[in-house]
Structures are given as C-alpha cells and as structure tokens.
Amino acid sequence: TISIRFLSSLIGKLMHRSIFQDEATLREILTRIVIPNLTIREVDEEKFEDDPAEFILGDMEGSDSESRRKCTQEMLRAMCRQFEGQTTAIVSEHVGSMLQQYQADPANQWKMKDVAVHLILGVAVRAESAQFGVSQVNDGVNVMDFFSKHVYSELQEANMSVRPMVKATCIKFVTTFRQQFSKEQIVGLMPLLIAHLGSGDVVVHTYAAAAIEKILTAKVAGPGGVKVTKITGADLKPFLGGLFTALFGIVDNADLNENEYVMKCIMRSLNVARDDLMDVVQVVLEKLTDALARVAKNPKNPQYNHFLFESIAVLIRAVCTKDAASTTAFEQFLFPP
C-alpha cells in the first residue's frame with residue numbers, strides 16, 4: 001500500500017503530468033497495477049470469512065485504516081483528476097470485458113464483477129466525504145445506468161450465500177452514491193437492504209446496516225434552502241417492523257460480536273421514526289434492555305455501548321414526549337427491583 005500511495009501522489013501532481021499523460025502509460029498502470037490490486041485474493045476471502053472486523057476496518061467508507069484495494073481506488077481517482085477522459089475510456093473498456101466474462105460464467109467469474117464495480121467506484125467519484133457521500137460525479141460515467149443493470153440485480157438475488165463478497169461490494173456502491181438516488185429509488189431499495197441484514201456473513205449484514213444508517217442521514221434542499229432528510233419518518237414507517245426484527249436478530253445472536261454499525265443503525269432508525277414508534281416501543285425497549293444487561297456484565301466495545309445508550313435516550317424522548325405516562329414503564333424496564 002505504501003508503493004501505491006507513493007505512485008498515487010506522483011500521478012496526482014500537475015508537475016508530473018508529462019510522465020503519465022501517454023495513453024499507453026495509463027493502460028499499463030491500469031492493467032499491471034490497478035486491476036491486479038483491486039482483484040480479490042485468497043487472503044481477502046479468508047479475512048472476509050474469518051476476520052470480518054478487520055476486513056470492514058480496511059474497506060468501509062470513512063475508515064481510518066486503508067486496505068490495498070482502497071488505496072488502489074484512491075490512485076484511480078488521482079488518475080481521473082489529471083486524465084479523466086482517457087482514464088474513464090480505458091476503464092470502461094475493461095469494465096465491459098469483465099462483465100461479459102462474468103455473465104458467461106457467474107459461478108466461476110464472480111470476481112470479475114467485483115473488480116468491475118470497484119473500477120466504477122474509482123472513476124465515477126469526483127468529490128465525496130464520509131459524512132455526506134458523493135457530491136460530484138464524473139460526467140463520463142452513467143452511475144444510475146450501471147446501478148440498474150449490474151448492481152440492482154445482484155441485490156435482488158434472494159440466496160444470501162451466493163457471491164457474498166459481490167453483494168457486499170454492491171451494498172457499498174449504494175452507500176457511496178446515496179446522494180444520487182431519488183427518494184423513490186431509496187424506498188425501493190429499503191426492502192432489499194433489510195433482507196441483507198439476514199445474511200449469515202458478518203460483512204454483508206454490517207454493510208447493509210451501515211448503508212441504511214447512511215441513507216437515513218442523506219439530506220436534500222428543503223423549503224427556503226434548508227437541508228432536510230431525504231427519508232422521513234413517514235417514508236420509513238412501513239419498514240419499521242421488518243427493520244427492527246432484522247437488526248435485533250443480529251444484536252441477540254450470541255455467536256456474533258457486538259456490532260457498532262448495527263447499533264448505530266438502530267439509533268438512527270429510532271431517531272428518524274420517532275413519531276411512529278408507539279406500535280413497536282414495547283418490543284424495542286425489551287430488546288435494548290436485554291442488550292444493556294449483557295453489556296453491563298461484560299463491556300467490550302465502547303462504540304457499541306455509546307450507540308446503545310443513544311438508542312435508549314432517543315426512545316425515551318420520542319415516547320415520553322407524546323405519552324408522559326410511559327415514563328413509569330421505562331423506569332421499570334431500566335431500573336428493575
């Protein structure tokens with residue numbers, strides 16, 4: 001990764017433009033460096049299955065730790081900053097070829113699709129932030145067309161054991177371009193993301209939880225130019241039952257480690273749906289209280305604990321503001337005799 005970062009810094013500087021501007025040079029970099037380093041290796045598959053926390057730390061958007069693949073994507077973006085047209089054209093050729101290989105033999109060529117999605121993630125983004133997602137997109141890449149043809153179909157696959165690494169990458173695609181989706185598209189995606197919370201792969205259900213949480217923070221310009229959340233409580237209400245059932249299914253699973261991304265998703269969902277929680281408050285409070293009891297016995301993950309207490313606080317505020325009599329019920333749950 002050090003070598004990739006060094007090369008990325010050279011490519012990104014205007015003073016070195018003449019060294020890399022030849023199309024043959026750009027093709028060599030893509031063929032010999034970018035694609036091999038974006039391709040899933042055996043060590044990546046082992047980490048995905050056996051050490052998902054480490055995989056997530058290096059691959060997740062906004063993470064401080066950087067994986068080989070993440071560094072390679074950053075180098076691809078540096079190439080686009082200097083040679084956007086040329087790089088986009090070359091990448092488009094490779095993406096088309098890889099998707100053809102995948103479509104000819106999905107069972108054995110799934111890695112080609114994964115690389116193709118990562119290549120698009122590399123060239124399509126002009127500007128982004130961990131908090132707000134992508135703010136500028138490469139005009140030479142039709143992100144929504146790629147999503148509808150190649151990402152959406154993967155998320156519709158009901159069998160969670162099929163191509164889990166590709167599923168995780170596709171969920172990451174949705175998270176990355178959350179600002180580019182319309183409200184209607186997001187509402188259509190929500191059942192698919194909730195379904196992926198049921199995956200037995202920790203990376204997949206963690207990415208799904210993180211995607212839902214990020215989507216619920218996405219904002220658009222409202223009346224008077226004031227930013228408002230794209231998804232409101234009314235939009236989320238039809239999904240609350242399935243969403244909380246899936247999220248607490250992960251929290252209650254004793255075989256899984258405490259997952260801060262899942263608990264953060266619970267907190268965010270409660271906050272967005274605060275006016276529509278009366279139907280689920282009893283179940284949610286019981287689940288949060290059980291989680292709190294487990295944490296009190298053996299606290300391990302400070303981030304998880306933080307979002308757990310935030311969730312309880314949001315629930316208390318939302319419910320007791322509308323029904324002061326509920327305060328007694330909360331006290332009985334949280335402070336047993």
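Reader: To begin with, which residue forms a salt bridge with Arg77?

Author: That partner is Glu74, and the closest N and O atoms of the two are 3.3 Å apart. Please bear in mind that this is a predicted model.

Reader: How are Arg77 and Glu74 placed in helix H6?

Author: They are 3 residues apart in helix H6, which spans residues 68–104, so about one helical turn separates them.

Reader: Is Arg77 buried or exposed?

Author: Arg77 is buried, as its relative accessible area is 9%. Glu74, in contrast, is partly exposed, with a relative accessibility of 31%.

Reader: How many salt bridges does the structure hold?

Author: The structure holds 20 salt bridges. One of them pairs Arg32 with Glu28, where the closest N and O atoms are 2.6 Å apart.

Reader: What separates Arg32 and Glu28 in helix H3?

Author: About one helical turn, because the two are 4 residues apart in helix H3, residues 23–38. Arg32 is exposed at a relative accessible area of 61%, while Glu28 is partly exposed at 41%.

Reader: And which residue pairs with Lys113 in a salt bridge?

Author: Glu154 does, with 2.9 Å between the closest N and O atoms. Lys113 belongs to helix H7 (residues 110–124) and Glu154 to helix H8 (residues 143–156), so this pair ties together parts that lie 41 residues apart in sequence.

Reader: Are Lys113 and Glu154 buried or exposed?

Author: Both of them are buried.

Reader: Which residues are linked with Lys113 and Glu154 in a network of salt bridges?

Author: Arg163 and Lys167 are linked with them in that network.

Reader: Changing topic: how many cavities of 30 Å³ or more does a search of the whole structure find?

Author: The search finds 2 such cavities. The volume of the largest cavity is about 50 Å³.

Reader: Which residues line the largest cavity?

Author: Its lining consists of Ile40, Phe55, Asp59, Arg69, Asp114, His118, Met165, Ala168, Thr169, Lys172 and Tyr207. Helix H5 (52–59), H7 and helix H9 (164–176) are the elements that give two or more residues to this lining. H9 contributes the largest share, 4 residues.

Reader: What is the make-up of that lining by class?

Author: The lining of the largest cavity has 5 nonpolar, 2 polar and 4 charged residues.

Reader: What about the second largest pocket: how much space lies in it?

Author: About 350 Å³ of space lies in the second largest pocket. It is lined by 17 residues, and those closest to its centre are Ala53, Val202, Asn257, Glu258 and Asn259.

Reader: On to the aromatics, then. How many aromatic pairs does a search of the whole structure find?

Author: It finds 7 aromatic pairs. The pair of Phe48 and Phe55 is edge-to-face, because the ring planes are at 85°, with the ring centres 5.3 Å apart. Both Phe48 and Phe55 are buried, and Phe55 is also one of the residues that line the largest cavity.

Reader: And how do Phe147 and Tyr152 pair?

Author: Theirs is a tilted pair, 5.7 Å centre to centre with 55° between the planes. Phe147 is buried, with a relative accessible area of 6%, whereas Tyr152 is partly exposed at 29%.

Reader: Which residues form one aromatic cluster with Phe147 and Tyr152?

Author: Phe146, Phe173, Phe177 and Phe181 form one aromatic cluster with them.

Reader: Last topic: how many disulfides does the count come to?

Author: The count comes to 0 disulfides. Cys170 is in no disulfide, and the nearest cysteine sulfur, that of Cys265, is 19 Å away.

Reader: Is Cys170 buried or exposed?

Author: Cys170 counts as buried, at 0% relative accessibility. Cys320 is buried too, with a relative accessible area of 17%; the cut-off for buried is under 20%.

Notes:
Residues are numbered from 1 along each chain as its sequence is written. This is a predicted model: local features need pLDDT of at least 70, side-chain atom pairs count only at pLDDT 80 or more; totals for chains, interfaces and linings use all residues. Side-chain values use heavy atoms; hydrogens and water are left out. A salt bridge is a side-chain nitrogen of Lys or Arg within 4 Å of a carboxyl oxygen of Asp or Glu. Buried means under 20% relative accessible area, exposed over 50%, partly exposed in between (1.4 Å probe, protein chains only). On a 1 Å grid over the protein atoms alone, a cavity is a set of points where a 1.4 Å probe fits but cannot get out, and a pocket is an open set with protein on both sides within 12 Å along at least five of seven lines; lining residues have an atom within 4 Å of a point. Grid points are joined across faces, edges and corners, and a volume is the space filled by probe spheres set on the points. Ala, Val, Leu, Ile, Met, Phe, Trp, Tyr, Cys and Pro count as nonpolar, Asp, Glu, Lys and Arg as charged, and the others, Gly among them, as polar. A disulfide is a pair of cysteine sulfur atoms within 2.5 Å. Rings of Phe, Tyr and Trp (its six-membered ring) pair if their centres lie within 6.5 Å; planes under 30 degrees apart count as stacked, over 60 as edge-to-face and the rest as tilted.
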